[in-house]
Amino acid sequence: MAGYRRQLYRDDAVVLRVQKLGESDRIITLLTRRHGRLRAVARGVRRTTSKFGARLEPFGHVDLQLAGDPKGELGSSLHTVSQVEGIDLYGKRFLGDYPRYTAASAIAETAERLTPVEREPSLRLFQLTLGALRALADGEHATTLVLDAYLLRGMALAGWAPALTACAVCGTPGRHRAFSVPAGGAVCPDCRPPGAAHPAPATIDLMSALTVGDWRVADATENGVRRECSGLVAAHLQWHLERALRSLPLVDRGGLPSAPGARRSSDGGMVAPAGAVLPPDRASQDVSREKTE
């Protein structure tokens with residue numbers, strides 16, 4: 001538009017992703033406090049002489065001055081970073097720590113997928129994402145617990161929270177033993193579809209604890225319960241996203257099988273690892289099969 005001058009505005013943001021642009025620039029995907037998710041060009045940040053290249057690495061909490069229309073109504077959809085100050089660069093604490101790095105990558109990818117519309121404010125998701133990265137950096141809780149708590153609360157913000165205290169189909173209150181991803185969570189015996197999982201009661205208790213932030217209960221759980229919880233949470237999320245998360249199968253779950261590649265069960269079938277990409281109710285079937293081994 002002739003005569004249009006890009007306005008400057010400030011916001012703080014979490015850096016979700018970086019992409020190379022040309023020989024020395026990068027496109028930075030940001031989740032901002034007041035303007036939602038947006039993309040901005042950081043010029044010259046790949047040069048060794050760049051003054052703020054190190055501040056625009058993934059997982060950092062930064063304060064930015066951006067050039068562009070905050071509403072996206074004028075000019076290019078790509079904004080330009082003109083100034084940046086680091087508030088807390090959490091990514092530096094993850095260097096050399098593969099479990100935390102992969103968990104942070106899954107958090108950042110999920111945040112991007114839960115904000116499909118650019119420049120649509122999402123303050124609660126911003127606060128949730130920032131809190132999850134801070135929790136990973138502090139290391140007070142197990143990495144997988146922080147990740148699963150983030151995924152459960154992120155789904156709650158999106159309206160996809162799994163039913164845990166009542167039947168997902170008929171609403172009958174109570175702690176039901178069956179869990180079906182397509183049905184939306186725990187289901188009563190009358191509504192249980194074929195192939196529904198039968199997770200341990202402690203697994204449902206863990207999912208409830210992570211949803212409300214009861215870390216006393218969550219920290220006391222065993223690895224087997226955490227793995228079962230992770231499988232259900234990952235399957236539930238990817239069912240609603242209708243696409244797999246690329247980073248989720250790479251999450252290191254502290255000695256538990258979580259990398260791509262399934263193991264063979266005693267009945268000759270394949271049991272997928274937690275976080276793997278599964279068809280609709282395959283995750284429920286795998287969890288159920290493991291309970292009988």
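Which residues lie nearest the centre of the second largest pocket? They are Glu57, Pro58, Gly91, Lys92 and Leu95. This is a predicted model. The briefing below covers its pockets first, then its cavities.

**Largest pocket**
- The largest pocket has a volume of about 340 Å³.
- Its lining is made up of 14 residues, and Leu16, Arg17, Glu109, Glu112 and Arg246 are the closest to the centre.
- Two elements, strand 1 (8-21) and helix 2 (98-113), each give two or more residues to this lining.
- Helix 2 gives the most, with six residues.
- Six of the lining residues are nonpolar, two are polar and six are charged.

**Second largest pocket**
- About 210 Å³ is the volume of the second largest pocket.
- In total, 13 residues line this pocket.
- Eight of these lining residues are nonpolar, two are polar and three are charged.

**Cavities**
- The model holds two cavities of 30 Å³ or more.
- The second largest cavity has about 30 Å³ of space.
- By class, the lining of the second largest cavity has three nonpolar residues, one polar residue and two charged residues.

Note on methods:
Residues are numbered from 1 along each chain as its sequence is written. This is a predicted model: local features need pLDDT of at least 70, side-chain atom pairs count only at pLDDT 80 or more; totals for chains, interfaces and linings use all residues. Side-chain values use heavy atoms; hydrogens and water are left out. On a 1 Å grid over the protein atoms alone, a cavity is a set of points where a 1.4 Å probe fits but cannot get out, and a pocket is an open set with protein on both sides within 12 Å along at least five of seven lines; lining residues have an atom within 4 Å of a point. Grid points are joined across faces, edges and corners, and a volume is the space filled by probe spheres set on the points. Ala, Val, Leu, Ile, Met, Phe, Trp, Tyr, Cys and Pro count as nonpolar, Asp, Glu, Lys and Arg as charged, and the others, Gly among them, as polar. Helices (H or I, at least four residues) and strands (E, at least two) are DSSP runs, numbered from the N terminus.
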